[in-house]
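Try each task before reading on.

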Amino acid sequence: MGRVSTSATDHSPPHAGFAFILKKALLSAFVALVLFSLMIGIRTEAGPTGQLTYWTRFDELAITVAIVFVGSIVIELVRRWLGPSGASELVPARVQNGLAASGRYVAPALLIFTLLVPVIFYRQRYILDLGVLVLTYVMLGWGLNVVVGLAGLLDLGYVAFYAVGAYSYALFATTFGLSFWICLPIAGILASLWGVMLGFPVLRLRGDYLAIVTLAFGEIIRLVIVNWQSLTGGPNGISSIPRPTLFGIPLTPGPNGFAAKLGIAFDPTHRLVFLFYIILAMALITNWVTIRLRGLPIGRAWEALREDEVACRALGINTTTTKLTAFATGALFGGFAGAFFATRQGFISPESFTFQESALVLAIVVLGGMGSQLGVALAALAMIGGFELFRGLEQYRMLVFGMAMVLLMIWRPRGLIGHRAPTVYLKQAHAISSDLVKEGHG
Amino acid sequence: MDYFAQQLINGLVLGSIYGLIAIGYTMVYGIVGMINFAHGDIFMIGGFIALISFLILVSFGLTAVPVILLIVLLVSMAITALYGWTVERIAYRPLRHSFRLAPMLSAIGMSFVLSNFSQVAQGARVKPVPPIITGGYTLHHSADGFVVRLSNVQIVVVLTTIVLLAIFTWLVARTRLGRDMRACEQDQTMAALLGVDVDRTISMTFVIGAALAAVAGMMYLLYYGQVDFFMGFVAGIKAFTAAVLGGIGSLPGAMLGGLAIGLIETFWSAYFSVEYKDVAAFSILIVVLIFMPTGLLGRPEVEKV
Amino acid sequence: MSGSDHILSVDALTMRFGGIVAVNELSFGAERREITALIGPNGAGKTTVFNCITGFYKPTGGTMRLASASGEIALERLNDFRISKLAKVARTFQNIRLFPGMTVLENLMVAQHNTLMRASGLTFLGLFGVPSWRAAEKRAIEHATFWLNRIGLYDRADDAAGNLAYGDQRRLEIARAMCTEPTLLCLDEPAAGLNARESAALSELLLSIRAEQGTSILLIEHDMSVVMEISDHVVVMDYGVKIAEGAPHEVRDDPRVIAAYLGADEQEAIAVMESDT
């Protein structure tokens, strides 16, 4: 199974000059013209009487085609400039080594910074809110990382565990009045059980098939939530979900509140800071557990499963239970994150649990360099931070996200962190290049 | 009994649409071994192109329905085929020798690009059209007043499907392109060594799949009278289920699977519950992949150790 | 051929794939503490037999009995990982199946998975770093180190397995199999792609494994020098059936075996042999 050099590859011969670039750009522009002629050139809309009307947008069409034309030239020039080795030579080797060496300090520095975020940005609720959101996705990323990054099981339905955790907490809290701290483990366990139930049927499936079945499971959960109105409130969701308390003391303005007990003025930021540290603690626990598990036989079995499942069986490893534990562990963390999400928002609805969420978390894991804890954290920061830049331009957000996914796969499919750290060593830990690490087939 | 007959008709029509989409999935999986996640959205684009083409033609004063239909069919097939070609060139071809995960994630990304492109370009609201083909035939008046109808739209959909299927089967069985496709399905390396232009063959596979999806989109528009930017996602999964049910890699299987899914969905909605019809479709996918991964007409695979 | 000290008794093993009969009523025995070689032309069904013995295929018919410490085990009833875990049968693969993204040491640690899982209390004791777990981990590393020294890869312990030279990878795969402490070691073409020096080292390794660990070895091999040098017993297959069995030199001179390898008729082979003498 080798590479076959077929005709027209994407590398142009170096001596073909500007004429070639121009020709290619013209071709691209022409294709763009045809593709966008109707979709951009004409704009349809349902009129007030329900009848369909349209108007032309030839100027926007012209601009788009022009952008494609120019962009094609630019891309080709950049490609020529970078040469056959691509972007990897862009950064000189010395700098690359320096970055790799300082990588050891990135994680602790980032941690210290994160601990101090509420202190530094106390007055900026927006930043604190964003921080909570980022940390939620970091935790989700670390959870999915166990399934996809370590065990190599392609899960496209991770949002299902998130949803189970969120709805479990919401229902238990609103129905039985149980506190967040009691419901949290319940939510996790229920999500974990669903993870095992998901795991059983998909044990023998590989690669693409495993992916699409997990996607189907995720969608089924969402559809059941939407339609089982008596239980979940359907599209209206569940509201008035109680917030977490600190040892039973609620963070409310009244005389029973936390502020009153401490004798300080009430500030709504208190609760936000409280939530921030809760999710940070949860994420750090997820991280700690994952790192410990990696060094334990179960974690090593997960990674071995990803590398070569057949060899695992030949070594006496029960691949069935290995897969199930991977699903269960990932689901556990997803469920915890879901419960947190519910309590942070105070309100949940099925709209928050779409396939797009699963894809987003998966993109975070892949971008981070599957298996790397630091990578996943950085990727979550980049992705969610990037999403925030699109405030006011929400329409374009998913469009850019899609394009970013395509570009990421073409340019750096192995993610940001290009290596894997071994879990045990005799003399010295040598990072293993991600070229050697298998991506798993499920 | 009459209710049953009506559902049977409806199910077969819906199934034809699914079958057309499913063929695209099965061909691509057969030749490059990947699930083209963006294919459902190609179907959606096809529907939109058809919609816009209709609008323009009608506004130019064209009234002859068969002429309009033909022009719209050709235009939407051509433009959507170009979409399919572009998607393959941009998002899949560079990744052909990459590891398994890359093309799939790229396809998911492309799916988002297409559906959101449609949302941005044409707005998020559903686009309705007035019925273009009207009338039909009453097949049976039952005693309790239920009427079994076969509408003209339904006839058009089924006839178009049959004609295209015939053309397409001829294409695969008799032409050079079809032979090249089958060769690439079996052994790409060998086919290339024997002079088959693998890149072009793969591109043509995507193009043909997209063209058929465009037809499905147009049929959907005619039948249901509306399109929206999100219709590709669910239809895509159902069509993929159809492809798997029929046996992935098998063309008659894709059509067979499509008809089966169409019938199951229609009967489920009619006799059980409409709300959970999508759940039924997804569950079938899971059940088939677990218990019958080679589908009805597929070939079993033996794991090589 | 009946009873004696058979570690593995294969009786009328049959494997069908649809209409093709890959293995047809094969019967042979492998003796304890001996090296048994399974040879034959390509396509004879040797790897299929291996896959049946090691649980990757479910045989269509026949039995495979393994004499273990706790009595006889019917291998055809065990599947999958249990053959390694319960029956203590280990194997290597024709197309080397290491864990390329893990280090040499990690590969050997994965092999000791079951022992370590028990010691870690199904992970929970390990999670909290309980002393009994740490001691067990240390023992496992020592065991791995022992094998690293045996195969001369101690200095490469922390390198990625995927970065090793081909010959080193083969040896690592054998060491990894040995880390599971098997009673029967099945090797699928261990000498494939090795040069003369490496083959000699391999022979030495296998002989020492037999001598020191007392492991019985069953191997598929095309390299006749290795087969002749180390095997105590040879079974020859062709087209899914056994065509000869015996000591190496007996089998080497058997006209049926020669005919099978040459693709010639048995009579022709005898004629050629007789014309020499």
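**Exercise 1. A helix in chain B**

Task: Find out how many residues of α4(B) are buried, and check its span against 1.5 Å a residue.

Solution. 
- Step 1: Count the buried residues. In α4(B), 20 of the 22 residues are buried, so this helix is largely enclosed by the rest of the structure. The model is a predicted one.
- Step 2: B:G123 follows α4(B) and has a positive phi, near 85°.

**Exercise 2. Where chain B touches chain A**

Task: Describe the side of chain B that touches chain A, and say which element gives the most to it.

Solution. 
- Step 1: Count both sides. Chain B brings 62 residues to the contact, and chain A brings 53 residues.
- Step 2: List contributors. Elements of chain B that each supply at least two residues include α2 (39-59), α3 (65-92), α8 (198-224) and β1 (127-128).
- Step 3: Pick out the top one. α4(B) gives the most, with 16 residues.
- Step 4: Sort by class. The side of chain B that touches chain A has 42 nonpolar, 13 polar and seven charged residues.

**Exercise 3. The build of chain A**

Task: Decide whether the radius of gyration of chain A is close to or far from the globule rule.

Solution. 
- Step 1: Chain A has 16 helices and four strands.
- Step 2: Apply the rule. The radius of gyration of chain A is 25 Å, close to the 22 Å that the globule rule gives for 442 residues, so chain A is as compact as a globular protein of that length.
- Step 3: The C-alpha trace of chain A spans about 75 × 75 × 45 Å along its principal axes.
- Step 4: Check burial. Of the 442 residues in chain A, 46% are buried.
- Step 5: Check the contacts. Among contacts in chain A with a separation of 6 or more, 74% join residues 24 or more positions apart.

**Exercise 4. Strand pairing in chain C**

Task: Trace the pairing from β2(C) through β1(C) and β4(C) to β5(C).

Solution. 
- Step 1: Start with β1 (residues 6-17) and β2 (residues 20-31) of chain C. They run antiparallel and are joined by eight bridges. C:F17 has C:I20 as its bridge partner.
- Step 2: Look at the turn. β1(C) and β2(C) form a hairpin with two residues between them, and C:G18 in that turn has a positive phi of about 60°.
- Step 3: Go on to β4 (residues 61-68). β1(C) pairs with β4(C) in the antiparallel sense over five bridges. Here C:V10 stands opposite C:M64.
- Step 4: Finish at β5 (residues 71-74). Four bridges join β4(C) to β5(C), again antiparallel. C:L66 is partnered by C:I73. Two residues make the hairpin link between β4(C) and β5(C).

**Exercise 5. Two domains of chain C**

Task: Locate the domains of chain C and describe their contact.

Solution. 
- Step 1: The domain assignment gives domain 1 (1-88 + 182-277) and domain 2 (98-181) of chain C.
- Step 2: Take the separation. Over C-alpha atoms, the centres of domain 1 and domain 2 of chain C are 28 Å apart.
- Step 3: Count the contact. Domain 1 of chain C gives 13 residues and domain 2 of chain C gives eleven residues.
- Step 4: Name the top contributor. On the domain 1 side, α8(C) gives the most, with four residues.
- Step 5: Sort by class. That side of domain 1 of chain C has seven nonpolar, three polar and three charged residues.

Terms used. Residues numbered from 1 in each chain as written. Chains lettered and ligands numbered in written order. Predicted model: local features only at pLDDT ≥ 70, side-chain atom pairs only at ≥ 80, totals over all residues. Pairing = 2+ DSSP bridges. Rg over C-alpha atoms; globule rule 2.2 N^0.38 Å. Buried ≥ 20, exposed ≤ 12 C-beta atoms within 10 Å, placed from the backbone. Contact = placed C-beta atoms within 7 Å. Nonpolar A, V, L, I, M, F, W, Y, C, P; charged D, E, K, R; others polar. Expected span 1.5 Å × (residues − 1). Domains from an automatic or database assignment.
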